[in-house]
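Look at the structure first, then read the points below.

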Amino acid sequence: MSFPRSSGILLHPTSLPSPFGVGDIGPVAYQFVNFLKQSAQKLWQVLPLGPTGFGNSPYLSYSAFAGNPLLISLEILKEDELLTDEDLANPPNFPNHIVNFDAVKAFKEKLFHQACVTFQANATEEQEEEFNRFCSRSNYWLDDYAIFMSLKEAFNGESWNEWETGIALRKQESLHKWGEKLAKPIYYHKFLQFQFFKQWSKLKHYANEQGIQIFGDLAIYVAHDSADVWSHPEIFCLDEETGEASLMAGVPPDYFSYTGQLWGNPVYNWERLQQDGFYWWLQRIESLLGYLDLVRIDHFRGLESFWAVPQGETTAMNGQWVDAPGNAFFSLLNEKLGELPIIAEDLGVITPEVEALRDKYGLPGMKILHFAFDSGSGNPYLPYNYGSANWVVYTGTHDNDTTVGWFNRRSLQEQARVTRYLGCTSGYGIHWDLIRLAMSCVANQAIFPLQDILGLGSEAKMNMPGEAEGNWAWRFQPGVLTEEIGERLKFLTETYGR
């Protein structure tokens with residue numbers, strides 16, 4: 001699917017300013033939408049929005065369908081009279097440049113419980129009906145998610161395959177017993193999802209009214225310790241005795257890592273999925289398109305073939321490529337849902353077969369300018385090699401260093417290769433020069449991490465791939481999105497017809 005020429009900003013909502021320790025989908029998110037509109041942007045790209053587990057990674061979520069409760073706005077809960085001014089009057093002294101996830105969770109969960117109690121006690125008939133409609137509409141994932149999260153708490157955070165055998169294996173008697181025993185926390189987790197999607201729906205509606213589309217992310221794999229694997233074990237490659245992943249996801253050794261990357265997620269049992277008409281995946285795509293305008297499929301190549309590493313391995317070296325039914329999958333998607341606003345994350349070592357799958361269904365791929373300057377004139381990331389407009393071009397992504405950090409870490413000779421290509425520099429900094437290059441190129445869409453708009457260095461990196469902890473915490477400061485920055489961004493956007 002080809003998209004209109006446009007540009008936008010990559011910023012996960014947790015990175016927004018907030019007095020409550022983490023960015024959320026409350027008033028400051030609306031202010032950010034206003035900045036996007038004023039600077040003539042049309043896209044707001046976010047990372048996966050699910051509830052995060054170990055390491056706080058958006059790519060390791062407890063659910064492929066649920067929303068992250070940490071993004072719920074306390075201020076909107078107060079507007080809805082579920083919290084009071086006094087509740088929000090004296091938050092802890094959170095750092096304003098990063099997220100202290102543990103401290104934020106402790107603070108917000110206490111207030112969430114309070115809001116839930118107030119809702120149960122004081123909800124009007126209309127509010128109760130709205131809640132019940134949400135639960136009914138979402139029951140294909142919500143019931144399993146709510147009891148899963150309640151069981152996680154009851155078993156002190158243990159992975160589902162360490163629970164009592166009956167409930168780990170979802171025996172009906174155990175499900176009934178625990179469902180009654182955990183009725184209160186189950187209601188609480190449903191309440192949080194109700195609030196998340198209610199708030200998110202209003203924010204998306206507002207963004208769309210301002211001409212801004214929400215560009216979201218689909219992590220191809222789900223976490224082993226998730227409601228999805230617990231409730232649908234048959235569609236994953238699991239050890240029947242232990243419940244552990246019998247085949248683990250990752251990528252093989254390459255130039256960047258001689259041992260490869262072992263992610264540990266269970267790979268899909270694609271044969272079973274295909275027998276079921278890819279039903280779970282269809283639900284997942286439909287669910288995402290219910291609250292996003294565009295979807296990027298992370299690790300798209302895994303839909304054509306995937307690297308499978310046997311249980312017990314500690315690196316990704318001893319895996320093998322296994323074919324996936326990508327063609328059958330996308331054919332069915334188009335048949336059931338029509339032409340979809342999907343973008344393929346096609347970075348890394350991509351085979352002709354992966355390119356053929358992407359191109360057969362007209363999916364835009366990605367071009368990263370940070371990758372463009374180090375392998376001669378045939379480098380596929382150099383703009384004159386794009387060949388068509390059906391691309392999304394980035395200065396860098398959430399996995400890259402910032403443009404300023406990237407450039408400063410290059411040798412003088414490597415820096416010269418960049419400036420030689422640019423021809424001249426603007427005097428506003430290398431970040432604006434690369435933004436101009438992306439804006440001017442043929443690619444239909446151009447996206448910039450907010451860190452590049454602000455000209456920040458390596459201290460503002462969002463993620464360091466391969467590092468399990470210390471990521472996803474960066475936040476920008478109140479007041480830094482100045483009128484001058486907005487005008488410069490708008491000038492470039494209009495100059496290059498975006």
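Helices here are DSSP runs of H or I with at least four residues, numbered from the N terminus. The model is predicted. By that numbering, helix 19 is followed by Gly-497, whose phi is positive, near 65°.

**Helix 19: length**
- Helix 19 covers residues 483–495, which is 13 residues.
- At 1.5 Å a residue it should span 18 Å, and its end C-alpha atoms are 18 Å apart, so the two values agree.

- Ile-485, Gly-486, Arg-488, Leu-489, Leu-492 and Thr-493 are buried in helix 19.
- Viewed down the helix axis, these buried residues fall within an arc of 165°, so they line one face of helix 19.
- An α-helix has 3.6 residues a turn, so residues three or four places apart point the same way.
- Glu-483, Glu-484, Phe-491 and Glu-494 are exposed, on the face of helix 19 turned away from its buried side.
- The buried residues of helix 19 pack against strand 1 (6–10), helix 1 (27–38), helix 17 (430–440) and helix 18 (450–454).

**Met-366**
- Met-366 sits in strand 10 (residues 365–368).
- Is Met-366 buried or exposed? Its relative accessible area is 1%; buried means under 20%, so Met-366 is buried.
- Leaving out residues up to four places away in sequence, Met-366 touches Arg-296, Tyr-381, Trp-391, Val-392, Tyr-394 and Thr-397, among others.
- Its contacts also include Ile-343, Ala-344, Glu-345, Asp-346 and Leu-347.
- Met-366 and Ile-98 are 268 residues apart in sequence and 28 Å apart in space, C-alpha to C-alpha.

Terms used
Residues are numbered from 1 along each chain as its sequence is written. This is a predicted model: local features need pLDDT of at least 70, side-chain atom pairs count only at pLDDT 80 or more; totals for chains, interfaces and linings use all residues. Side-chain values use heavy atoms; hydrogens and water are left out. Helices (H or I, at least four residues) and strands (E, at least two) are DSSP runs, numbered from the N terminus. The expected span of a helix is 1.5 Å times one less than its number of residues. Buried means under 20% relative accessible area, exposed over 50%, partly exposed in between (1.4 Å probe, protein chains only). The arc is that of the directions from the helix axis to the C-beta atoms. Contact means heavy atoms within 4.5 Å.
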